[in-house]
Amino acid sequence: MSKPEKVIQNGNCRVSIFQNSMSCFDGCLPLRSVVLSKRYKDKEGIWKNSNTLDVNDIPKMIVALSRAYAYMTCIETNPQDKEMFGMGYQEVDSLFAYHC
């Protein structure tokens with residue numbers, strides 16, 4: 001699998017954003033997709049990934065997905081704003097509130 005364009009993490013919940021492209025009539029159209037995962041340590045203390053969420057993981061994943069949505073919609077409409085997503089989450093959350 002290729003390297004994600006952006007990884008957004010909230011607690012042990014992670015959203016990885018990948019950029020692909022699709023050929024169309026006037027060239028290439030960028031398409032972004034996400035992969036959801038939850039990080040945990042196994043009995044030996046080794047970090048693993050899972051796509052199963054516990055009830056307490058759902059709010060964390062909702063926040064991570066909201067941030068991913070804000071990133072993806074901002075980049076689609078204003079590519080120059082990509083640098084803004086190196087900021088802290090408070091600023092990103094306020095940007096997301098602006099989009100909605």
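Q: How many salt bridges does the structure hold?
A: This is a predicted model, in which local features need pLDDT of at least 70 and side-chain atom pairs count only at pLDDT 80 or more, whereas totals for chains, interfaces and linings use all residues. Residues are numbered from 1 along each chain as its sequence is written, and side-chain values use heavy atoms, with hydrogens and water left out. With a salt bridge taken as a side-chain nitrogen of Lys or Arg within 4 Å of a carboxyl oxygen of Asp or Glu, the number that the structure holds is five.

Q: Which residue forms a salt bridge with Glu5?
A: Glu5 lies in the segment before strand 1 (6–10) and its partner in strand 3, so the pair ties together parts that are 27 residues apart in sequence; strands here are DSSP runs of E with at least two residues and helices are runs of H or I with at least four, numbered from the N terminus. The closest N and O atoms of the pair are 2.9 Å apart, and the partner is Arg32.

Q: What is the N to O distance in the salt bridge between Lys38 and Asp57?
A: Lys38 lies in strand 3 and is buried, with a relative accessible area of 10%. Asp57 counts as buried too, at 4% relative accessibility. The side chains of Lys38 and Asp57 meet in a salt bridge whose N to O distance is 3.1 Å.

Q: Which residues are linked with Lys38 in a network of salt bridges?
A: Asp57 also meets Lys60 in a salt bridge at 4.0 Å, N to O, and both of these residues lie in helix 1, three residues apart, about one turn of the helix. The side chains of Lys38 and Asp54 are joined by a polar contact of 3.2 Å, a polar contact being a pair of N or O atoms within 3.5 Å, of which, within protein, one must be able to donate a hydrogen and the other to accept it, and for which residues adjacent in sequence count only if both atoms are side-chain atoms. The residues linked with Lys38 in the network are Asp54, Asp57 and Lys60.

Q: Which backbone nitrogen does the side chain of Asp42 reach?
A: Asp42 lies in the loop between strand 3 (27–41) and strand 4 (47–50). At 19% relative accessibility, Asp42 counts as buried. Its side chain reaches, at 2.8 Å, the backbone nitrogen of Ile46.

Q: Which residues does Ala68 touch, not counting residues up to four places away in sequence?
A: Ala68 lies in helix 1 and is buried, with a relative accessible area of 1%. Its C-alpha atom is separated by 9.5 Å from that of Gln9, 59 residues apart along the chain. With contact meaning heavy atoms within 4.5 Å, the residues that Ala68 touches are Ile8, Val15 and Ile17.

Q: What pattern does the protein follow along the sequence?
A: The secondary structure comes to two helices and four strands. Of the 100 residues, 26% count as buried, and residues 24 or more positions apart account for 39% of the contacts with a separation of 6 or more. Read along the sequence, the pattern is β-β-β-β-α-α.

Notes: Buried means under 20% relative accessible area, exposed over 50%, partly exposed in between (1.4 Å probe, protein chains only).
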